[in-house]
Amino acid sequence: MLRVSLFATCLGDQFFAESVADCVRLLRSLDVDVSFPAGQTCCGQPAWNAGYREEALAMARHTVRVFEGSAPVVLPSGSCAAMLRVFYPQLAEREQDGFTQLAQRTFELSEFLVKVLGVTTLGDGLRGMRVAYHHGCHALRELGVEKEPTALLAAAGAEVVPWIADRECCGFGGTFAVKHPSVSAAMADRKLDTLPSPDCLTSADGGCLLQLAGRSRLRGMSVTVRPLASLLWQARQASLSRPGA
Amino acid sequence: MSVEARAYGSRALAILRDTPAMRDSVTAGALTLDSARRVGYASVDIESWRRWAEQVKNHVLTHLDRYLLQAEDRLRANGASVHWADTPADAAGIVSDLARRHGVRTVVKGKSMLSEEVGVNASLEAMGIDVYETDLGEYIIQLLGEMPSHIIAPAIHRGLDDVRALFHERLDTPRDAAPEVLAAAARRVLRGAFLAADMGITGVNFLVAETGTLALVENEGNIRLTTTMPRVHVALVGIEKLLPRFDDLATFLQLISRAATGQAIGTFVSLIQGPRTAVDVDGPDEVHVVLVDGGRSALLADPEAWEALRCLRCGACLNACPVFRQTGGHAYGWAYSGPIGAILAPALLGMEEGGALPFASTLCGACVEACPVRIPIPRLLHSWRDRLADARLTSRGERIGMKGYARVMTNPRLYRLASLLLRRLPGPVRGGRVTPVLKHWTAWRGALEPSTRPFHELWRDGIT
């Protein structure tokens with residue numbers, strides 16, 4: 001049985017707890033043995049992006065220690081996965097070994113399913129659902145996770161709706177969201193104003209979803225926002241519970 | 001030029017709050033240019049072009065001393081005069097001296113971002129000289145008394161109705177004039193200016209070291225007139241504009257056109273080889289080339305940030321940037337806006353004045369594929385952020401906050417305590433009415449709503 005270490009990420013732990021639980025359910029249903037290293041906290045990306053290298057390095061060292069070993073590390077977040085895989089090696093100067101070793105076994109959930117487990121379809125639990133997929137910038141441009149999420153959604157019967165702004169940044173950007181909230185909100189509004197009224201809006205990134213959900217609620221829009229892990233579990237669950245499936 | 005790059009945040013807020021139509025104009029204009037750029041890139045082997053262009057610019061920049069002297073040599077051999085300006089103020093002084101020496105009363109200009117950086121118009125106008133911007137967009141913003149809001153589309157933040165109202169007031173066109181009528185009205189004024197002008201001032205897109213050729217690309221023909229009709233032509237050239245060989249132009253002229261507007265090549269390409277000779281029917285009596293440093297050689301010596309000097313000033317990164325598209329260039333408070341402006345500002349304006357701009361980005365990376373010379377813009381933005389934080393040019397509150405954040409996140413017990421506290425915060429705190437950082441979140445997105453229980457507690461109790 002394949003073992004993985006789950007990195008819930010601080011946003012997942014605090015704001016999307018049920019969705020991280022769905023991620024565990026999904027992986028277990030695929031015969032993956034999931035462990036949850038207890039000391040995990042935050043990958044440190046907000047400090048890294050804001051220029052606080054020393055603080056980011058402290059959090060990176062902590063994370064490298066917590067995830068010591070050889071098991072793949074799976075994150076239900078493209079941005080945090082990009083931090084571990086792409087930015088940790090840039091951050092480390094003298095501790096290359098631990099940092100790059102972790103980088104090489106880090107995966108965003110959907111890419112782990114497709115590239116490591118070789119999953120092409122999880123089930124058909126999303127039949128008839130119209131889903132808009134927001135490409136988080138780091139998942140898309142740093143990790144190159146582009147087709148995996150939408151392929152899994154489509155294979156589960158969802159209609160992934162065309163959305164002209166699906167690859168545009170939502171305006172979250174870590175500290176950018178609080179440094180320049182007016183610009184950040186205008187960016188989210190551009191996303192929401194072009195959204196073709198789907199049944200739900202999803203993404204592999206919690207930060208983007210907090211931003212888009214918060215902004216749509218504040219503007220009185222009725223957009224259902226659900227993390228990718230929960231939708232993928234729903235895709236799987238329906239097939240599991242069906243007798244004979 | 002007045003520089004207000006420090007005030008990015010408040011200017012951006014004011015633009016979005018007070019002039020919502022500006023956002024619509026900028027978004028529409030930039031998205032149009034961005035899709036044109038994608039089409040322009042798609043019909044050639046753009047990756048090979050970009051890699052080649054990157055290498056050529058890297059080569060010329062790493063041997064810039066040699067190429068600058070070669071260019072000076074060839075320019076002089078062609079009959080042009082060469083002036084060296086260490087600072088933008090020196091460049092403005094050189095242009096003013098030339099205007100004085102030639103008894104200039106009217107100047108026509110081709111659109112040039114370097115002339116904005118240098119502040120040429122203000123110093124000439126202070127001498128009582130009439131200065132006409134002859135690019136239509138630039139002419140519009142000159143009439144409005146504004147700065148360009150985009151590197152190649154200076155009036156991108158203005159809509160047709162703005163121009164109708166402006167031209168009705170200033171040029172007496174009908175209130176509902178068609179775009180052609182507006183263009184014709186501008187043309188009438190500018191034609192007079194071309195005929196009267198004693199001096200034409202332009203930038204350049206490229207200066208070829210091998211032949212001393214000044215290359216300019218445009219779509220309106222105004223640069224062709226500016227460089228041929230007045231008796232004196234002054235070209236302002238940033239020292240990074242060099243290309244080694246004449247043959248390099250073949251690809252660079254196409255590349256810059258595709259990047260800027262998606263065109264295979266600009267409508268007019270002028271290759272200027274010096275003043276009028278005995279066999280020429282037109283052209284200026286004198287050509288003066290002002291080579292401007294303005295902080296560029298210091299940037300070239302910067303091992304982290306020098307790659308910004310490859311920039312061709314095509315504006316492609318602005319069009320690709322979702323942050324730029326919300327406000328346009330005025331929020332950035334100086335000549336260069338968008339991603340390229342944000343990585344040039346701390347270098348050319350200094351870290352104190354320009355330090356706000358590297359933070360005017362979400363590091364989304366959309367600019368990376370747009371840049372024709374593959375400048376790693378997000379990495380350079382990040383490098384400036386590192387340095388700004390190290391130099392303590394970020395706020396004290398942020399520095400303390402980051403220390404506290406790292407303290408909590410490197411101690412799992414503190415993290416779990418913080419997790420408990422987050423769920424016990426009184427409503428007003430969670431709604432952002434107490435802590436300032438939270439307020440910047442909640443005022444624009446509503447109160448924070450953590451999960452009822454954090455995941456680590458769900459895990460402890462067992463996931464079923």
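**Entry 1: α8 and α9 of chain B**

I looked up how helices α8 (residues 136-144) and α9 (residues 160-171) of chain B are oriented in this predicted model. Their axes (lines fitted to C-alpha atoms over the stretch in contact, with angles running from 0 to 180 degrees between N-to-C directions) come within 11 Å and cross at roughly 65°. α8(B) and α9(B) are therefore roughly perpendicular (65 to 115 degrees) to each other. I noted the residues that meet: B:Ile140, B:Leu143 and B:Leu144 in α8(B), and B:Val163, B:Leu166 and B:Arg170 in α9(B). Contact requires C-beta atoms, placed from the backbone, within 7 Å.

**Entry 2: conventions**

I recorded that residues are numbered from 1 along each chain as its sequence is written, and that chains are lettered from A and ligands numbered from 1 in the order in which they are written. In this predicted model, local features need pLDDT of at least 70, side-chain atom pairs count only at pLDDT 80 or more, and totals for chains, interfaces and linings use all residues. Helices are DSSP runs (H or I, at least four residues), numbered from the N terminus.

**Entry 3: α1 of chain B**

I found B:Tyr8, B:Ala12, B:Ile15 and B:Leu16 of α1 (residues 8-18) buried (20 or more other C-beta atoms within 10 Å of the residue's own; exposed means 12 or fewer). Seen down the axis of α1(B), these buried residues fall within an arc of 90° (of the directions from the helix axis to the C-beta atoms), so they line one face of the helix. The face turned away from the buried side carries the exposed B:Arg17 and B:Asp18.

**Entry 4: chains A and B**

I noted that 49 residues of chain B are in contact with 52 residues of chain A. α22(B) gives the most to the side of chain B that touches chain A, with six residues.

Technical notes: Helix = DSSP H or I, 4+ residues; strand = E, 2+ residues; numbered from the N terminus. Contact = placed C-beta atoms within 7 Å. Parallel < 35°, antiparallel > 145°, perpendicular 65-115°, else oblique.
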